[in-house]
Amino acid sequence: MAAIAFRKYADLSEPDCLTDIDSTCPQPGPHDLRVAVRAVSVNPLDTKVRAGLVAVPESVRSLGWDAAGIVEAVGDAVTLFRPGQAVYYAGSFDRSGSNAQLHLVDERLVGHMPETLSFTESAALPLASLTAWQLLFERLGVAPGKPAYAGSLLVLGGAGGVGSLLIQLARRLTGLTVIATASRPQSRDWCLAQGAHHVIDHGRALPEQIDSLPAPPVTHIAALSRTGDHLADLAQLIEPQGRIAIIDDHDTLDAVPFKAKSVSLHWEMVFTRPLYRTTDMIAQHRILDEVAALVDAGVLRSTVSHVLHPLNAARLIEAHRLVEHGGITGKVVVARSAHDTARRGR
């Protein structure tokens, strides 16, 4: 089968950073699905693993932690899926990724693909929607519903993949006032289109901008990007007994400024369940099925913004370059063919 291998510590200027290879057809384990991959999304994680900034086992030969495709075969213990079904998922980075013709993934991490989306649109959703859902409802402890006196959620870095889905979830499923940050007119407009009530500039001091808004106090913060640069501002503007959840990487992070306000600090790492084989690993299957239902009901939408094809090393290098360069809104997706960009319909 065809696959795209990566070389650790490789820069995009090096021709062998990503290469097309022939590989053996993978055989499903008991809980595995073998998926014929139709589209993949490229995330910052892909570029960090390739650059050697995030460690993965030596057995991981291919990148790719967002995919949509068709179940081709199933393991002996699989109960949730059958061959022929369209699926989408983020997988786990202790296994080879989805940059391949065929890919193995544990069924407990997989959702039934939205019926109203194409493979390309669906591939943009799994990692971002799982991260946003777990951050909002599990780490920050926000309950779905629209109480009269909800506070505000500050989304630091609202125009990326996670921020886009988080804004949608918070605006449509909770009573929180959503305040996103963005630094460019394009990303500001994108955040507003996702449903943000207000957008402020993270290139300027945050507390003064928030004080000028007709919004409730900031009770929850989702710190998605460059948290360390804004830590003093976040400590100043968060309400006493508020909650902050962080997803970006740090060598160190000083949480002491949050003590006086009894602010609770949470980390969200989307691969915790699969990496540690937690007893509730199937929660990711359930979340993705719920996200698909919300998409099909018109509550949520895909955040794909850049589409490339076909799915090969050359197109993936282009996608990595877009993600590494930064300044884009939404998600970058590479489809196996132009046909995979067409919506399936109900």
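Predicted model: local features only at pLDDT ≥ 70, side-chain atom pairs only at ≥ 80, totals over all residues.
Me: What makes the chain a two-domain one, and where do the domains lie?
Reply: The domain assignment gives domain 1 as 2–127 + 276–341 and domain 2 as 140–267. Their centres, taken over C-alpha atoms, are 28 Å apart. The contact between them takes 13 residues from domain 1 and 15 residues from domain 2.

Me: How much area is buried between domain 1 and domain 2?
Reply: About 1200 Å² is buried there, and carbon and sulfur atoms give 60% of that area. Five residue pairs are in polar contact between domain 1 and domain 2, and the rule finds one salt bridge across the interface.

Me: What does the UniProt record place at residues 10–334?
Reply: An unreviewed UniProt entry places the feature "domain: Enoyl reductase (ER)" there. Such annotations may be inferred rather than shown by experiment. In the model, residues 10–334 are 30% helix and 22% strand, with the end C-alpha atoms 20 Å apart.

Me: Why is helix α3 called largely enclosed?
Reply: Helix α3 spans residues 126–139, and twelve of its 14 residues are buried, so the helix is largely enclosed by the rest of the structure. Among the buried ones are P126, L127, W133 and F137. Just after α3, G141 has a positive phi of about 70°.

Me: Why is D32 called buried?
Reply: The cut-off for buried is under 20% relative accessible area. D32 has 7%, so D32 counts as buried. D32 is in strand β3, which covers residues 32–42.

Me: What makes the pair D32 and R95 a polar contact?
Reply: A polar contact needs N or O atoms within 3.5 Å. The side chains of D32 and R95 are joined at 2.9 Å, so the distance meets that limit. Leaving aside neighbours within four places in sequence, D32 is in contact with residues including A73, V78, R95 and L104.

Me: How do you know that D16 and R7 form a salt bridge?
Reply: The rule asks for a side-chain nitrogen of Lys or Arg within 4 Å of a carboxyl oxygen of Asp or Glu. The side chains of D16 and R7 meet at 2.9 Å, N to O, so the pair qualifies. The structure holds 17 salt bridges.

Me: Why are D16 and R7 called partly exposed?
Reply: Partly exposed lies between the limits of under 20% for buried and over 50% for exposed. D16 is at 35% relative accessibility, so D16 falls in between. R7 has 30% and is partly exposed as well.

Me: What makes R38 and D340 a salt bridge, and what does the pair tie together?
Reply: The closest N and O atoms of R38 and D340 are 3.1 Å apart, which is within 4 Å, so the pair is a salt bridge. R38 lies in strand β3 and D340 in the segment after β15, so the pair ties together parts that are 302 residues apart in sequence. R38 is partly exposed at 24%, whereas D340 is buried at 1%.

Me: Why are D66 and K331 called buried, and what links them?
Reply: D66 is at 1% relative accessibility and K331 at 4%. The cut-off is under 20%, so both count as buried. D66 forms a salt bridge with K331, with the closest N and O atoms 3.1 Å apart. D66 lies in the loop between α1 and β4 and K331 in strand β15, so the pair ties together parts 265 residues apart in sequence.

Me: Which residues are linked in a network of salt bridges?
Reply: The network links E138, R139, E268, R273 and D280.

Me: How do you know that H266 and R139 come together in space?
Reply: H266 and R139 are 127 residues apart in sequence, but their C-alpha atoms are 6.0 Å apart. The side chain of H266 reaches the backbone oxygen of R139 at 3.3 Å. H266 is in strand β13, residues 264–267. Leaving aside neighbours within four places in sequence, the contacts of H266 include R139, R243 and I246.

Technical notes: Residues numbered from 1 in each chain as written. Heavy atoms only, no water. Buried < 20%, exposed > 50% of the residue type's maximum accessible area, 1.4 Å probe, protein only. Helix = DSSP H or I, 4+ residues; strand = E, 2+ residues; numbered from the N terminus. Domains from an automatic or database assignment. Contact = heavy atoms within 4.5 Å. Buried area = accessible area lost by both parts, 1.4 Å probe. Polar contact = N/O pair within 3.5 Å; in protein donor to acceptor, adjacent residues only side chain to side chain.
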